[in-house]
Amino acid sequence: MNHHAPTRDAFEARLRQIGEERYHDKHPFHHLLHSGGCTPDQVRAWVINRYYYQSRIPMKDAAFMSRVSDPDLRRAWRSRIEDHDGRAPGEGGIARWLKLAEAVGLDPDYVSSEVGILPATRFAVDAYVHFVRDQPMLPAMASSLTELFAPKIHKDRIAGLLQHYEFANSESLSYFRNRLNEAPQDVAFGLKWVLDHAVTQADQDAAADALIFKTEVLWAQLDALWSAYVEPARVPPGAWQPGEGLL
């Protein structure tokens with residue numbers, strides 16, 4: 001037998017362990033949000049900054065697809081862009097995110113202008129787009145596998161927001177409900193592709209490192225929110241100030 005990497009099951013366990021240790025459900029900002037501890041302005045700051053991440057996901061997926069020569073893989077990946085952009089105006093995940101923005105009292109035009117985004121949010125999210133555009137296909141694909149860990153946080157978030165916040169209802173939370181249906185299909189495909197293609201130890205290491213990188217992209221965004229709007233509540237120049245961009 002040649003020098004193959006550890007088994008497929010061991011590799012999948014390694015990827016899942018990264019989520020156990022590093023996924024952003026562990027961040028204190030999410031604990032504050034889901035327990036009802038956020039002020040209205042802290043919720044708004046989260047919605048504004050998370051918009052930037054949402055808005056860049058289809059751009060990241062388009063960058064990935066631009067390098068894929070296999071029509072079957074492009075076809076499978078294309079649905080991700082439709083999930084976020086919709087097939088018509090007013091549909092898709094980005095439009096649903098702007099419904100949440102309206103529900104928390106923000107002008108969706110302000111949110112989609114991206115004027116108030118925190119510098120660290122911008123740097124982290126842009127780094128993710130560049131990573132997917134520039135890295136080899138295997139790590140580029142593996143970086144999306146944080147979706148493995150998303151259903152739990154969406155369920156916790158829906159329950160926590162409904163319990164603690166007046167703005168929360170089936171329409172304002174439709175983004176998260178839809179992701180509970182969309183994400184498992186995406187992740188089953190992405191996970192199988194990564195497990196099929198990561199055949200050497202070097203492949204597996206590159207895929208695991210890509211997943212760690214992505215958890216850091218998510219974590220850095222929450223650190224920035226915490227610093228600007230929770231403690232020490234020091235808003236960087238040019239970022240959203242409470243009172244701006246309201247309906």
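Helices (H or I, at least four residues) and strands (E, at least two) are DSSP runs, numbered from the N terminus. Buried means under 20% relative accessible area, exposed means over 50%, and partly exposed is in between, with a 1.4 Å probe and protein chains only. Contact means heavy atoms within 4.5 Å.

A word on the source. This is a predicted model, where local features need pLDDT of at least 70 and side-chain atom pairs count only at pLDDT 80 or more, while totals for chains, interfaces and linings use all residues. Residues are numbered from 1 along each chain as its sequence is written, and side-chain values use heavy atoms, with hydrogens and water left out.

Back to helix 5. It spans residues 93-103. Which of its residues are buried? They are Gly93, Ile94, Arg96, Trp97, Leu98, Leu100 and Ala101. Just after helix 5 comes Gly105, with a positive phi of about 95°.

Now the whole chain. It has 11 helices and zero strands. Buried residues make up 51% of its 247 residues. The radius of gyration, taken over C-alpha atoms, has a globule rule: 2.2 Å times the number of residues to the power 0.38. For 247 residues, a compact globule would come near 18 Å, and the chain has 18 Å, which agrees. Along the principal axes, the C-alpha atoms fill a box of roughly 65 × 40 × 35 Å. Take the contacts with a separation of 6 or more: residues 24 or more positions apart account for 78% of them.

The surface next. The chain exposes about 11,400 Å², and carbon and sulfur atoms supply 53% of that. These areas come from the Shrake-Rupley method with a 1.4 Å probe; for residues, only the protein chains shown count as cover.

Is Trp46 buried or exposed? It counts as buried because its relative accessibility is 2%. Leaving aside neighbours within four places in sequence, Trp46 contacts Phe29, His30, Leu33, Trp97, Leu100, Arg157, Phe176 and Leu225. Ala188 is another matter: Trp46 and Ala188 are 142 residues apart in sequence and 28 Å apart in space, C-alpha to C-alpha.

Arg44 is in helix 3 too. Its relative accessibility is 17%, so Arg44 counts as buried. With neighbours within four places again left out, the contacts of Arg44 are Val104, Gly105, Leu106, Trp240 and Leu246.

Now for the empty space. Rolling a probe the size of a water molecule over the atoms shows where empty space is left. Here a cavity is a set of points, on a 1 Å grid over the protein atoms alone, where a 1.4 Å probe fits but cannot get out; lining residues have an atom within 4 Å of a point. Grid points are joined across faces, edges and corners, and a volume is the space filled by probe spheres set on the points.

How many cavities of 30 Å³ or more does the search find? It finds two in the whole structure. By class, the largest cavity is lined by nine nonpolar, five polar and 10 charged residues. The classes are simple: Ala, Val, Leu, Ile, Met, Phe, Trp, Tyr, Cys and Pro are nonpolar, Asp, Glu, Lys and Arg are charged, and the others, Gly among them, are polar.

The second largest cavity has a volume of about 100 Å³. Its lining includes Trp46 and Tyr53. Helix 3 and helix 11 are the elements that give two or more residues to that lining.

Last, some backbone angles. Most residues other than glycine have a negative phi, and most peptide bonds are trans. Glu114 has a positive phi of about 65°, although it is not a glycine. Glu114 sits in the loop between helix 6 and helix 7 (119-134). Ala233, also not a glycine, has a positive phi of about 60°. Ala233 is in the segment after helix 11. Pro232 lies in the segment after helix 11 as well. The peptide bond from Glu231 to Pro232 is cis, with omega near 5°.

Key. On a 1 Å grid over the protein atoms alone, a cavity is a set of points where a 1.4 Å probe fits but cannot get out, and a pocket is an open set with protein on both sides within 12 Å along at least five of seven lines; lining residues have an atom within 4 Å of a point.
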